[in-house]
Amino acid sequence: MSQLQETSLLDPIPDSLGQNLYVADADLHGLLGLYLEPALLQHLEPHLHRLGALAGGELDQLAAAADRNQPELQVRTRQGHDCSVIVKNPAYVALERYGFSEFGLAAASHAPGVLGWHAPLPPVAKYTLFYLFTQAEFGLTCPINMTDSLTRTLKKYGHPELVERYFSGLTSLDFDNYLQGAMFMTEQGAGSDIARTATVAKREGQNWALYGDKWFCSNASADLAMVLARPDDAPQGMAGVSLFLMPRVRRDGQLNSYRIVRLKDKMGTRSMASGEIRLEGAEAYLIGEVGRGFQQMAEMVNSSRLSNGIRSGALMRRSLSEARYVAQHRHAFGRRLADLPLMRRQLDKMALPTEQARSFGFQTAQALQRADGGDAQARRLVRIMTPLIKFRACRDARTVTADGMEVRGGCGYIEEWSEARLVRESLLGSIWEGTSNIVALDVLRAIQREESLPALAEHLRGLLQCAANGTAKQAVSTRLEAVLRFAGEAAAEKQDALARETASMLYHAACAAIFLWEASHAGLAHRVAYCAAVLEHRLDPRLQRLGLLPD
(Lines give C-alpha, C1' and ligand atoms only; values in the text may rest on other atoms or scores of the structure.)
Protein backbone atom coordinates (compact mmCIF):
# COMPACT_ATOMS: atom_id res chain seq x y z
CA MET A 1 0.00 0.00 0.00
CA SER A 2 1.33 3.42 -0.95
CA GLN A 3 1.75 6.14 1.64
CA LEU A 4 -0.95 8.17 -0.14
CA GLN A 5 -3.43 5.29 0.04
CA GLU A 6 -2.56 4.58 3.69
CA THR A 7 -3.15 8.23 4.57
CA SER A 8 -6.48 8.24 2.72
CA LEU A 9 -7.80 5.45 4.96
CA LEU A 10 -7.44 7.76 7.95
CA ASP A 11 -8.64 10.91 6.25
CA PRO A 12 -12.24 12.12 6.67
CA ILE A 13 -12.31 12.85 2.91
CA PRO A 14 -11.49 9.54 1.17
CA ASP A 15 -9.21 9.84 -1.87
CA SER A 16 -9.00 6.84 -4.22
CA LEU A 17 -6.07 8.23 -6.24
CA GLY A 18 -3.81 5.31 -7.05
CA GLN A 19 -6.60 2.73 -7.06
CA ASN A 20 -6.28 0.14 -9.84
CA LEU A 21 -9.54 0.51 -11.76
CA TYR A 22 -9.19 -2.94 -13.34
CA VAL A 23 -8.76 -4.65 -9.99
CA ALA A 24 -11.55 -2.56 -8.43
CA ASP A 25 -14.00 -3.87 -11.05
CA ALA A 26 -15.00 -7.16 -9.45
CA ASP A 27 -16.80 -8.77 -12.43
CA LEU A 28 -14.63 -7.60 -15.31
CA HIS A 29 -12.12 -10.45 -15.28
CA GLY A 30 -14.87 -13.07 -15.07
CA LEU A 31 -16.78 -11.50 -17.96
CA LEU A 32 -13.67 -11.34 -20.10
CA GLY A 33 -13.19 -15.05 -19.46
CA LEU A 34 -16.61 -15.50 -21.06
CA TYR A 35 -16.21 -13.07 -23.96
CA LEU A 36 -12.52 -13.57 -24.92
CA GLU A 37 -10.47 -16.57 -25.96
CA PRO A 38 -8.35 -17.86 -23.03
CA ALA A 39 -5.01 -17.33 -24.78
CA LEU A 40 -5.84 -13.73 -25.62
CA LEU A 41 -7.08 -12.97 -22.12
CA GLN A 42 -3.93 -14.46 -20.61
CA HIS A 43 -1.83 -12.28 -22.94
CA LEU A 44 -3.83 -9.12 -22.17
CA GLU A 45 -4.02 -9.61 -18.41
CA PRO A 46 -0.79 -7.75 -17.51
CA HIS A 47 -1.69 -4.94 -19.92
CA LEU A 48 -5.15 -4.60 -18.36
CA HIS A 49 -3.60 -4.48 -14.89
CA ARG A 50 -1.18 -1.78 -16.03
CA LEU A 51 -3.86 0.28 -17.77
CA GLY A 52 -6.11 -0.04 -14.71
CA ALA A 53 -3.34 1.29 -12.50
CA LEU A 54 -2.60 4.15 -14.89
CA ALA A 55 -6.29 5.06 -15.22
CA GLY A 56 -6.61 5.32 -11.45
CA GLY A 57 -3.42 7.34 -11.11
CA GLU A 58 -1.24 9.03 -13.72
CA LEU A 59 -3.82 9.14 -16.54
CA ASP A 60 -6.41 10.60 -14.18
CA GLN A 61 -4.02 13.36 -13.15
CA LEU A 62 -3.12 14.09 -16.76
CA ALA A 63 -6.80 14.20 -17.67
CA ALA A 64 -7.52 16.69 -14.90
CA ALA A 65 -4.66 18.91 -16.07
CA ALA A 66 -5.77 18.71 -19.71
CA ASP A 67 -9.33 19.58 -18.68
CA ARG A 68 -8.11 22.68 -16.84
CA ASN A 69 -5.76 23.79 -19.64
CA GLN A 70 -7.76 23.80 -22.84
CA PRO A 71 -6.24 23.79 -26.34
CA GLU A 72 -5.71 27.13 -28.02
CA LEU A 73 -6.05 28.19 -31.64
CA GLN A 74 -3.14 30.02 -33.23
CA VAL A 75 -4.38 31.62 -36.45
CA ARG A 76 -1.11 33.26 -37.54
CA THR A 77 2.60 32.84 -37.10
CA ARG A 78 4.61 35.69 -35.67
CA GLN A 79 5.65 36.47 -39.26
CA GLY A 80 2.02 37.01 -40.21
CA HIS A 81 1.37 33.78 -42.12
CA ASP A 82 -2.01 32.06 -41.76
CA CYS A 83 -1.60 28.72 -40.00
CA SER A 84 -4.70 27.49 -38.08
CA VAL A 85 -2.55 25.57 -35.61
CA ILE A 86 -4.04 24.10 -32.46
CA VAL A 87 -1.68 24.27 -29.50
CA LYS A 88 -2.31 21.33 -27.17
CA ASN A 89 -1.47 21.24 -23.50
CA PRO A 90 1.48 18.90 -22.68
CA ALA A 91 -0.81 16.82 -20.45
CA TYR A 92 -3.09 16.14 -23.42
CA VAL A 93 -0.11 15.23 -25.60
CA ALA A 94 1.01 12.77 -22.92
CA LEU A 95 -2.48 11.23 -23.00
CA GLU A 96 -2.24 10.97 -26.80
CA ARG A 97 1.04 9.09 -26.45
CA TYR A 98 -0.56 6.57 -24.11
CA GLY A 99 -3.76 6.19 -26.15
CA PHE A 100 -2.50 6.14 -29.72
CA SER A 101 1.01 4.76 -29.32
CA GLU A 102 1.56 2.81 -26.13
CA PHE A 103 -1.85 1.10 -25.99
CA GLY A 104 -2.63 1.39 -29.71
CA LEU A 105 -6.33 1.99 -29.18
CA ALA A 106 -6.97 3.37 -32.67
CA ALA A 107 -4.95 0.68 -34.44
CA ALA A 108 -6.07 -2.31 -32.38
CA SER A 109 -8.86 -3.46 -34.71
CA HIS A 110 -6.90 -3.04 -37.93
CA ALA A 111 -3.30 -4.16 -37.58
CA PRO A 112 -1.33 -6.84 -35.74
CA GLY A 113 1.25 -5.96 -33.11
CA VAL A 114 -0.81 -3.86 -30.68
CA LEU A 115 0.33 -4.84 -27.16
CA GLY A 116 2.40 -7.59 -28.75
CA TRP A 117 -0.58 -9.62 -30.04
CA HIS A 118 0.01 -11.38 -33.36
CA ALA A 119 -3.28 -10.30 -34.98
CA PRO A 120 -5.74 -7.39 -34.84
CA LEU A 121 -7.57 -7.44 -31.52
CA PRO A 122 -11.23 -8.53 -31.56
CA PRO A 123 -13.76 -5.78 -30.75
CA VAL A 124 -14.39 -6.96 -27.17
CA ALA A 125 -10.69 -6.69 -26.37
CA LYS A 126 -10.40 -3.26 -27.97
CA TYR A 127 -13.47 -1.92 -26.23
CA THR A 128 -12.26 -3.26 -22.89
CA LEU A 129 -9.11 -1.17 -23.30
CA PHE A 130 -11.34 1.79 -24.26
CA TYR A 131 -13.44 1.09 -21.18
CA LEU A 132 -10.50 1.36 -18.82
CA PHE A 133 -8.87 4.33 -20.56
CA THR A 134 -12.13 6.32 -20.63
CA GLN A 135 -12.52 5.98 -16.87
CA ALA A 136 -9.64 8.46 -16.69
CA GLU A 137 -10.01 10.51 -19.89
CA PHE A 138 -13.14 10.92 -21.99
CA GLY A 139 -12.14 13.74 -24.37
CA LEU A 140 -9.27 11.98 -26.13
CA THR A 141 -11.34 8.88 -26.75
CA CYS A 142 -13.27 10.88 -29.36
CA PRO A 143 -10.20 11.33 -31.64
CA ILE A 144 -9.15 7.74 -30.92
CA ASN A 145 -12.55 6.41 -31.90
CA MET A 146 -12.83 8.62 -34.97
CA THR A 147 -9.40 7.47 -36.15
CA ASP A 148 -10.48 3.88 -35.66
CA SER A 149 -13.82 4.46 -37.44
CA LEU A 150 -12.26 6.44 -40.31
CA THR A 151 -9.80 3.60 -40.90
CA ARG A 152 -12.67 1.12 -40.95
CA THR A 153 -14.63 3.19 -43.49
CA LEU A 154 -11.59 3.85 -45.65
CA LYS A 155 -10.74 0.13 -45.81
CA LYS A 156 -14.28 -0.77 -46.82
CA TYR A 157 -15.06 1.95 -49.37
CA GLY A 158 -11.84 3.77 -50.27
CA HIS A 159 -9.93 3.35 -53.51
CA PRO A 160 -7.00 0.94 -53.04
CA GLU A 161 -4.53 3.75 -53.78
CA LEU A 162 -5.98 5.82 -50.93
CA VAL A 163 -5.88 2.87 -48.58
CA GLU A 164 -2.25 2.22 -49.47
CA ARG A 165 -1.36 5.87 -48.98
CA TYR A 166 -2.90 6.37 -45.55
CA PHE A 167 -3.51 3.01 -43.84
CA SER A 168 -0.01 2.60 -42.40
CA GLY A 169 -0.12 6.08 -40.83
CA LEU A 170 -3.56 5.54 -39.36
CA THR A 171 -2.45 2.30 -37.72
CA SER A 172 1.09 3.30 -36.78
CA LEU A 173 2.23 3.00 -33.16
CA ASP A 174 5.10 5.43 -33.84
CA PHE A 175 4.03 8.56 -32.00
CA ASP A 176 6.11 10.81 -34.23
CA ASN A 177 4.66 9.50 -37.50
CA TYR A 178 1.06 8.38 -36.93
CA LEU A 179 -2.11 10.01 -38.33
CA GLN A 180 -5.27 11.03 -36.50
CA GLY A 181 -8.76 11.00 -38.02
CA ALA A 182 -12.01 12.93 -37.67
CA MET A 183 -15.40 13.29 -39.32
CA PHE A 184 -16.83 16.67 -40.25
CA MET A 185 -20.59 16.39 -40.82
CA THR A 186 -22.45 18.99 -38.79
CA GLU A 187 -23.66 22.21 -40.43
CA GLN A 188 -25.68 25.05 -38.91
CA GLY A 189 -28.63 24.61 -41.24
CA ALA A 190 -28.66 20.83 -41.20
CA GLY A 191 -27.81 19.39 -37.79
CA SER A 192 -29.10 15.82 -37.75
CA ASP A 193 -30.92 16.39 -41.07
CA ILE A 194 -28.09 15.23 -43.35
CA ALA A 195 -30.26 15.71 -46.45
CA ARG A 196 -29.84 19.48 -45.99
CA THR A 197 -26.04 19.33 -46.28
CA ALA A 198 -24.96 22.51 -48.09
CA THR A 199 -21.18 21.99 -48.42
CA VAL A 200 -20.35 21.83 -52.13
CA ALA A 201 -17.86 19.53 -53.88
CA LYS A 202 -16.54 20.69 -57.27
CA ARG A 203 -14.60 18.62 -59.77
CA GLU A 204 -11.12 20.01 -60.39
CA GLY A 205 -9.23 17.67 -62.68
CA GLN A 206 -8.78 14.31 -60.99
CA ASN A 207 -9.59 15.76 -57.59
CA TRP A 208 -12.49 17.37 -55.81
CA ALA A 209 -12.50 20.75 -54.07
CA LEU A 210 -14.76 21.37 -51.07
CA TYR A 211 -16.45 24.69 -50.25
CA GLY A 212 -18.61 25.50 -47.24
CA ASP A 213 -18.76 25.70 -43.46
CA LYS A 214 -18.77 22.84 -40.99
CA TRP A 215 -20.18 23.96 -37.67
CA PHE A 216 -18.95 21.39 -35.14
CA CYS A 217 -15.73 19.55 -35.93
CA SER A 218 -14.24 17.53 -33.09
CA ASN A 219 -10.50 16.88 -33.31
CA ALA A 220 -10.35 19.88 -35.59
CA SER A 221 -6.62 19.53 -36.28
CA ALA A 222 -6.88 15.89 -37.44
CA ASP A 223 -4.58 14.73 -40.24
CA LEU A 224 -7.51 13.22 -42.15
CA ALA A 225 -11.25 13.85 -42.02
CA MET A 226 -14.27 12.21 -43.56
CA VAL A 227 -16.49 15.02 -44.87
CA LEU A 228 -20.02 14.98 -46.25
CA ALA A 229 -20.57 17.29 -49.22
CA ARG A 230 -22.84 17.66 -52.23
CA PRO A 231 -21.34 17.60 -55.76
CA ASP A 232 -22.38 20.82 -57.49
CA ASP A 233 -24.39 18.91 -60.11
CA ALA A 234 -26.04 16.55 -57.62
CA PRO A 235 -29.75 16.62 -56.75
CA GLN A 236 -31.09 18.02 -53.51
CA GLY A 237 -31.88 15.67 -50.66
CA MET A 238 -30.06 12.65 -49.29
CA ALA A 239 -29.40 11.20 -52.76
CA GLY A 240 -27.00 14.03 -53.55
CA VAL A 241 -24.79 13.72 -50.46
CA SER A 242 -21.38 12.13 -51.01
CA LEU A 243 -18.46 11.18 -48.76
CA PHE A 244 -14.95 12.59 -49.17
CA LEU A 245 -11.59 12.07 -47.48
CA MET A 246 -9.92 15.40 -46.79
CA PRO A 247 -6.24 15.52 -45.71
CA ARG A 248 -4.77 18.27 -43.56
CA VAL A 249 -1.75 18.36 -45.87
CA ARG A 250 -2.15 18.08 -49.64
CA ARG A 251 -0.08 15.76 -51.80
CA ASP A 252 2.17 18.70 -52.77
CA GLY A 253 3.11 19.12 -49.10
CA GLN A 254 1.16 22.36 -48.59
CA LEU A 255 -1.54 22.88 -45.98
CA ASN A 256 -4.95 22.18 -47.44
CA SER A 257 -7.32 25.04 -48.25
CA TYR A 258 -9.43 25.24 -45.13
CA ARG A 259 -9.31 27.30 -41.96
CA ILE A 260 -10.22 26.61 -38.36
CA VAL A 261 -12.31 29.71 -37.70
CA ARG A 262 -12.59 29.30 -33.94
CA LEU A 263 -12.64 26.67 -31.21
CA LYS A 264 -15.76 25.80 -29.26
CA ASP A 265 -15.92 26.75 -25.60
CA LYS A 266 -17.50 23.50 -24.44
CA MET A 267 -19.04 22.39 -21.18
CA GLY A 268 -17.25 19.03 -21.38
CA THR A 269 -14.52 17.27 -23.38
CA ARG A 270 -12.52 20.43 -22.77
CA SER A 271 -9.22 18.68 -23.30
CA MET A 272 -9.97 17.99 -26.98
CA ALA A 273 -10.27 20.74 -29.60
CA SER A 274 -13.61 21.09 -31.38
CA GLY A 275 -13.90 23.90 -33.89
CA GLU A 276 -15.70 25.55 -36.75
CA ILE A 277 -14.06 24.98 -40.11
CA ARG A 278 -14.41 26.94 -43.35
CA LEU A 279 -13.61 24.95 -46.49
CA GLU A 280 -12.11 27.17 -49.19
CA GLY A 281 -11.49 24.77 -52.05
CA ALA A 282 -9.98 22.03 -49.90
CA GLU A 283 -8.54 19.12 -51.85
CA ALA A 284 -10.47 15.92 -51.15
CA TYR A 285 -10.94 12.41 -52.53
CA LEU A 286 -14.26 10.72 -53.22
CA ILE A 287 -14.97 7.68 -51.05
CA GLY A 288 -17.16 5.05 -52.67
CA GLU A 289 -19.97 6.11 -54.97
CA VAL A 290 -21.35 9.58 -55.65
CA GLY A 291 -24.64 10.06 -53.84
CA ARG A 292 -24.14 7.32 -51.25
CA GLY A 293 -22.28 9.42 -48.73
CA PHE A 294 -24.59 8.95 -45.81
CA GLN A 295 -24.83 5.18 -46.26
CA GLN A 296 -21.05 4.97 -46.26
CA MET A 297 -20.70 7.39 -43.37
CA ALA A 298 -23.16 5.18 -41.47
CA GLU A 299 -20.33 2.65 -41.08
CA MET A 300 -18.41 5.29 -39.18
CA VAL A 301 -21.47 6.43 -37.23
CA ASN A 302 -22.41 2.87 -36.19
CA SER A 303 -19.00 2.12 -34.71
CA SER A 304 -18.96 5.58 -33.12
CA ARG A 305 -22.34 4.92 -31.50
CA LEU A 306 -21.09 1.66 -30.04
CA SER A 307 -17.97 3.41 -28.80
CA ASN A 308 -20.13 6.16 -27.33
CA GLY A 309 -22.24 3.62 -25.45
CA ILE A 310 -19.17 1.79 -24.15
CA ARG A 311 -17.61 5.06 -23.04
CA SER A 312 -20.81 6.12 -21.28
CA GLY A 313 -20.64 2.78 -19.50
CA ALA A 314 -17.08 3.62 -18.52
CA LEU A 315 -18.15 6.95 -17.01
CA MET A 316 -20.75 5.08 -14.99
CA ARG A 317 -18.16 2.53 -13.87
CA ARG A 318 -15.74 5.22 -12.72
CA SER A 319 -18.55 7.00 -10.86
CA LEU A 320 -19.57 3.73 -9.21
CA SER A 321 -15.98 2.87 -8.25
CA GLU A 322 -15.52 6.30 -6.68
CA ALA A 323 -18.86 6.10 -4.86
CA ARG A 324 -18.10 2.66 -3.47
CA TYR A 325 -14.68 3.82 -2.29
CA VAL A 326 -16.19 6.81 -0.53
CA ALA A 327 -18.93 4.68 1.04
CA GLN A 328 -16.40 2.15 2.33
CA HIS A 329 -13.98 4.72 3.79
CA ARG A 330 -16.16 7.56 5.04
CA HIS A 331 -17.91 7.47 8.40
CA ALA A 332 -20.98 9.41 9.47
CA PHE A 333 -23.08 9.12 12.62
CA GLY A 334 -20.68 6.49 13.91
CA ARG A 335 -21.07 4.13 10.97
CA ARG A 336 -19.53 3.57 7.54
CA LEU A 337 -21.66 4.98 4.75
CA ALA A 338 -21.56 1.54 3.13
CA ASP A 339 -23.40 0.11 6.14
CA LEU A 340 -26.34 2.50 5.81
CA PRO A 341 -29.38 0.95 4.03
CA LEU A 342 -30.15 3.99 1.89
CA MET A 343 -26.52 4.21 0.73
CA ARG A 344 -26.50 0.52 -0.19
CA ARG A 345 -29.67 1.07 -2.17
CA GLN A 346 -28.18 4.06 -3.96
CA LEU A 347 -25.06 2.10 -4.91
CA ASP A 348 -27.20 -0.78 -6.18
CA LYS A 349 -29.20 1.66 -8.30
CA MET A 350 -25.96 2.96 -9.80
CA ALA A 351 -24.62 -0.55 -10.41
CA LEU A 352 -27.53 -1.85 -12.49
CA PRO A 353 -27.32 0.53 -15.50
CA THR A 354 -23.53 0.34 -15.28
CA GLU A 355 -23.61 -3.44 -15.69
CA GLN A 356 -26.26 -3.19 -18.40
CA ALA A 357 -24.12 -0.92 -20.54
CA ARG A 358 -21.08 -3.18 -20.32
CA SER A 359 -22.85 -6.47 -21.02
CA PHE A 360 -24.92 -5.02 -23.86
CA GLY A 361 -21.74 -3.44 -25.24
CA PHE A 362 -19.83 -6.72 -25.17
CA GLN A 363 -22.69 -8.47 -26.97
CA THR A 364 -22.79 -5.74 -29.62
CA ALA A 365 -19.02 -5.93 -30.06
CA GLN A 366 -19.25 -9.69 -30.65
CA ALA A 367 -22.00 -9.13 -33.23
CA LEU A 368 -19.80 -6.53 -34.94
CA GLN A 369 -16.99 -9.06 -35.19
CA ARG A 370 -19.31 -11.58 -36.87
CA ALA A 371 -20.69 -8.90 -39.19
CA ASP A 372 -17.18 -7.95 -40.27
CA GLY A 373 -16.67 -11.62 -41.09
CA GLY A 374 -19.55 -11.51 -43.58
CA ASP A 375 -22.45 -12.69 -41.41
CA ALA A 376 -25.54 -10.95 -42.86
CA GLN A 377 -27.68 -11.75 -39.83
CA ALA A 378 -25.06 -10.20 -37.55
CA ARG A 379 -25.09 -7.04 -39.69
CA ARG A 380 -28.82 -6.70 -39.10
CA LEU A 381 -28.22 -7.31 -35.40
CA VAL A 382 -25.52 -4.61 -35.20
CA ARG A 383 -27.82 -2.22 -37.03
CA ILE A 384 -30.31 -2.24 -34.15
CA MET A 385 -27.99 -2.83 -31.20
CA THR A 386 -25.79 0.22 -31.88
CA PRO A 387 -28.62 2.78 -31.62
CA LEU A 388 -30.07 0.89 -28.64
CA ILE A 389 -26.88 1.19 -26.57
CA LYS A 390 -26.33 4.76 -27.76
CA PHE A 391 -29.85 5.71 -26.68
CA ARG A 392 -30.12 4.06 -23.29
CA ALA A 393 -26.56 3.87 -21.91
CA CYS A 394 -25.85 7.51 -22.71
CA ARG A 395 -29.00 8.64 -20.93
CA ASP A 396 -28.29 6.40 -17.95
CA ALA A 397 -24.80 7.88 -17.59
CA ARG A 398 -26.28 11.30 -16.83
CA THR A 399 -28.11 9.89 -13.81
CA VAL A 400 -25.38 7.59 -12.54
CA THR A 401 -22.63 10.23 -12.65
CA ALA A 402 -24.88 12.73 -10.85
CA ASP A 403 -25.63 10.14 -8.17
CA GLY A 404 -21.91 9.50 -7.81
CA MET A 405 -21.33 13.20 -7.24
CA GLU A 406 -23.98 13.15 -4.51
CA VAL A 407 -22.28 10.23 -2.73
CA ARG A 408 -19.08 12.24 -2.35
CA GLY A 409 -21.12 15.22 -1.23
CA GLY A 410 -19.88 18.81 -1.44
CA CYS A 411 -16.40 17.77 -2.55
CA GLY A 412 -17.96 16.05 -5.55
CA TYR A 413 -19.10 19.47 -6.77
CA ILE A 414 -15.53 20.78 -6.68
CA GLU A 415 -13.53 20.56 -9.89
CA GLU A 416 -10.39 19.17 -8.26
CA TRP A 417 -12.23 15.85 -7.76
CA SER A 418 -13.23 13.59 -10.65
CA GLU A 419 -17.01 13.69 -10.14
CA ALA A 420 -17.60 17.13 -11.66
CA ARG A 421 -15.69 16.18 -14.79
CA LEU A 422 -17.58 12.89 -15.08
CA VAL A 423 -20.94 14.67 -14.89
CA ARG A 424 -19.93 17.19 -17.55
CA GLU A 425 -18.62 14.50 -19.88
CA SER A 426 -21.71 12.32 -19.45
CA LEU A 427 -24.05 14.98 -20.81
CA LEU A 428 -22.40 14.89 -24.21
CA GLY A 429 -23.19 11.23 -24.83
CA SER A 430 -26.84 11.95 -25.56
CA ILE A 431 -25.88 14.55 -28.16
CA TRP A 432 -22.89 13.06 -30.01
CA GLU A 433 -23.80 10.94 -33.06
CA GLY A 434 -27.48 11.86 -32.79
CA THR A 435 -29.64 13.15 -29.96
CA SER A 436 -31.87 10.76 -28.02
CA ASN A 437 -34.92 11.42 -30.21
CA ILE A 438 -32.94 10.92 -33.42
CA VAL A 439 -31.40 7.67 -32.20
CA ALA A 440 -34.70 6.29 -30.88
CA LEU A 441 -36.29 6.95 -34.27
CA ASP A 442 -33.33 5.16 -35.85
CA VAL A 443 -34.27 2.06 -33.85
CA LEU A 444 -37.66 2.13 -35.56
CA ARG A 445 -36.00 2.63 -38.96
CA ALA A 446 -33.77 -0.39 -38.35
CA ILE A 447 -36.90 -2.45 -37.71
CA GLN A 448 -38.84 -1.03 -40.64
CA ARG A 449 -36.17 -1.11 -43.33
CA GLU A 450 -33.53 -3.66 -42.40
CA GLU A 451 -35.26 -6.62 -40.74
CA SER A 452 -33.30 -6.01 -37.58
CA LEU A 453 -36.03 -7.01 -35.12
CA PRO A 454 -36.09 -10.69 -36.19
CA ALA A 455 -32.29 -10.74 -35.92
CA LEU A 456 -32.44 -9.36 -32.38
CA ALA A 457 -35.23 -11.76 -31.44
CA GLU A 458 -33.30 -14.77 -32.73
CA HIS A 459 -30.16 -13.70 -30.88
CA LEU A 460 -31.88 -13.15 -27.54
CA ARG A 461 -33.93 -16.33 -27.79
CA GLY A 462 -30.69 -18.18 -28.42
CA LEU A 463 -29.15 -16.72 -25.28
CA LEU A 464 -32.19 -17.70 -23.23
CA GLN A 465 -32.11 -21.22 -24.61
CA CYS A 466 -28.61 -21.59 -23.13
CA ALA A 467 -29.60 -20.14 -19.74
CA ALA A 468 -29.81 -22.54 -16.80
CA ASN A 469 -32.33 -20.91 -14.45
CA GLY A 470 -35.71 -22.26 -15.60
CA THR A 471 -37.99 -20.00 -13.55
CA ALA A 472 -36.10 -16.85 -14.46
CA LYS A 473 -35.84 -17.97 -18.07
CA GLN A 474 -39.62 -18.24 -18.35
CA ALA A 475 -40.11 -14.81 -16.77
CA VAL A 476 -37.66 -13.15 -19.16
CA SER A 477 -38.97 -15.04 -22.18
CA THR A 478 -42.61 -13.98 -21.71
CA ARG A 479 -41.59 -10.36 -21.25
CA LEU A 480 -39.26 -10.47 -24.22
CA GLU A 481 -42.04 -11.71 -26.49
CA ALA A 482 -44.35 -8.94 -25.26
CA VAL A 483 -41.70 -6.32 -25.98
CA LEU A 484 -40.94 -7.75 -29.43
CA ARG A 485 -44.64 -7.60 -30.35
CA PHE A 486 -44.89 -4.02 -29.10
CA ALA A 487 -41.79 -2.96 -31.06
CA GLY A 488 -42.95 -4.68 -34.23
CA GLU A 489 -46.37 -3.01 -34.08
CA ALA A 490 -44.91 0.42 -33.27
CA ALA A 491 -42.60 0.18 -36.30
CA ALA A 492 -45.24 -1.22 -38.65
CA GLU A 493 -47.72 1.49 -37.73
CA LYS A 494 -45.01 4.17 -37.84
CA GLN A 495 -45.76 5.25 -34.30
CA ASP A 496 -42.86 7.67 -33.95
CA ALA A 497 -44.20 8.89 -30.61
CA LEU A 498 -43.46 5.41 -29.20
CA ALA A 499 -39.85 5.33 -30.39
CA ARG A 500 -38.28 6.12 -27.03
CA GLU A 501 -40.51 3.66 -25.18
CA THR A 502 -39.70 1.01 -27.77
CA ALA A 503 -35.96 1.57 -27.54
CA SER A 504 -35.93 1.48 -23.74
CA MET A 505 -37.98 -1.72 -23.51
CA LEU A 506 -35.92 -3.51 -26.16
CA TYR A 507 -32.73 -2.55 -24.34
CA HIS A 508 -33.98 -3.68 -20.93
CA ALA A 509 -35.44 -6.95 -22.23
CA ALA A 510 -32.18 -7.66 -24.03
CA CYS A 511 -30.13 -6.92 -20.91
CA ALA A 512 -32.28 -9.29 -18.84
CA ALA A 513 -31.63 -12.09 -21.35
CA ILE A 514 -27.91 -11.31 -21.50
CA PHE A 515 -27.56 -11.29 -17.70
CA LEU A 516 -29.32 -14.64 -17.45
CA TRP A 517 -27.03 -16.11 -20.09
CA GLU A 518 -23.95 -14.74 -18.31
CA ALA A 519 -25.18 -16.15 -14.99
CA SER A 520 -25.14 -19.67 -16.47
CA HIS A 521 -21.35 -19.62 -16.71
CA ALA A 522 -18.78 -20.46 -14.05
CA GLY A 523 -18.21 -17.76 -11.47
CA LEU A 524 -21.00 -15.49 -12.74
CA ALA A 525 -24.11 -17.04 -11.16
CA HIS A 526 -24.62 -13.92 -9.05
CA ARG A 527 -25.48 -11.94 -12.19
CA VAL A 528 -28.95 -13.48 -12.12
CA ALA A 529 -29.68 -10.81 -9.51
CA TYR A 530 -29.08 -8.14 -12.16
CA CYS A 531 -31.58 -9.92 -14.41
CA ALA A 532 -34.19 -9.84 -11.63
CA ALA A 533 -33.47 -6.16 -10.93
CA VAL A 534 -33.92 -5.23 -14.60
CA LEU A 535 -37.33 -6.86 -14.62
CA GLU A 536 -38.45 -5.38 -11.31
CA HIS A 537 -37.17 -1.83 -11.67
CA ARG A 538 -36.63 -1.06 -15.35
CA LEU A 539 -38.88 -3.24 -17.53
CA ASP A 540 -41.98 -4.30 -15.59
CA PRO A 541 -43.08 -0.76 -14.63
CA ARG A 542 -43.12 0.16 -18.33
CA LEU A 543 -44.96 -3.01 -19.33
CA GLN A 544 -47.49 -2.51 -16.54
CA ARG A 545 -48.16 1.09 -17.55
CA LEU A 546 -48.80 -0.06 -21.13
CA GLY A 547 -50.95 -3.01 -20.08
CA LEU A 548 -48.39 -5.48 -21.45
CA LEU A 549 -47.17 -7.18 -18.26
CA PRO A 550 -47.68 -10.95 -18.65
CA ASP A 551 -49.84 -12.71 -16.06
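Figure 1. At 11% relative accessibility, aspartate 27 counts as buried, where buried means under 20% relative accessible area, exposed over 50%, and partly exposed in between (1.4 Å probe, protein chains only). The model is predicted, so local features need pLDDT of at least 70 and side-chain atom pairs count only at pLDDT 80 or more, while totals for chains, interfaces and linings use all residues. Residues are numbered from 1 along each chain as its sequence is written, and side-chain values use heavy atoms, with hydrogens and water left out. Aspartate 27 sits in the loop between α1 (3-10) and α2 (28-35); helices (H or I, at least four residues) and strands (E, at least two) are DSSP runs, numbered from the N terminus. Apart from its neighbours within four places in sequence, aspartate 27 is in contact with Arg358, His526, Arg527 and Tyr530, contact meaning heavy atoms within 4.5 Å. Arginine 345 is 318 residues away from aspartate 27 in sequence, and their C-alpha atoms are 19 Å apart in space.

**Figure 2. Aspartate 67 and its polar contact with arginine 424.** Aspartate 67 belongs to helix α4 (residues 58-68). Its relative accessibility is 7%, and aspartate 67 therefore counts as buried. The side chains of aspartate 67 and arginine 424 are joined by a polar contact of 2.8 Å. A polar contact is a pair of N or O atoms within 3.5 Å; within protein, one must be able to donate a hydrogen and the other to accept it, and residues adjacent in sequence count only if both atoms are side-chain atoms. With neighbours within four places in sequence left aside, the contacts of aspartate 67 are Arg270, Ser271, Glu415, Arg421 and Arg424.

**Figure 3. Methionine 272, in the loop between two strands.** The loop that holds methionine 272 runs between β8 (258-263) and β9 (274-287). Methionine 272 has a relative accessible area of 1% and is buried. Beyond neighbours within four places in sequence, methionine 272 is in contact with Pro71, Tyr92, Gly139, Cys142, Pro143, Ser218, Asn219, Lys266 and Trp432. Valine 124 lies 148 residues from methionine 272 along the chain, and the C-alpha atoms of the two are separated by 25 Å.

**Figure 4. Cysteine 394 in helix α11.** Helix α11 covers residues 376-408, and cysteine 394 is part of it. The relative accessibility of cysteine 394 is 0%, so this residue counts as buried. Not counting residues up to four places away in sequence, cysteine 394 touches Asn308, Gly309, Ser312, Ile389, Ser426, Gly429 and Ser430.

**Figure 5. Threonine 502 and the backbone oxygen of leucine 498.** Threonine 502 is found in helix α16 (residues 499-519). With a relative accessible area of 1%, threonine 502 is buried. A polar atom of its side chain lies 2.8 Å from the backbone oxygen of leucine 498. Leaving out neighbours within four places in sequence, threonine 502 is in contact with Leu444, Phe486, Ala487 and Ala490.

**Figure 6. Leucine 115, a residue with a positive phi.** Leucine 115 is not a glycine, yet its phi is positive, at about 55 degrees. Its place is the loop between α5 (90-102) and α6 (123-134). Leucine 115 is buried, and its relative accessible area is 12%.

**Figure 7. Glutamate 433, a residue other than glycine with a positive phi.** The phi of glutamate 433 is near 55 degrees. Glutamate 433 lies in the loop between α12 (418-426) and α13 (436-450). At 16% relative accessibility, glutamate 433 counts as buried.

**Figure 8. The protein chain from which the close-up views are taken.** The chain contains 17 helices and eleven strands. Its radius of gyration is 23 Å, close to the 24 Å that the globule rule gives for 551 residues, so the chain is as compact as a globular protein of that length. The radius is taken over C-alpha atoms, and the rule is 2.2 Å times the number of residues to the power 0.38. Along the principal axes, the C-alpha atoms fill a box of roughly 70 × 60 × 45 Å. Of the 551 residues, 58% count as buried. Among contacts with a separation of 6 or more, 73% are between residues 24 or more positions apart.
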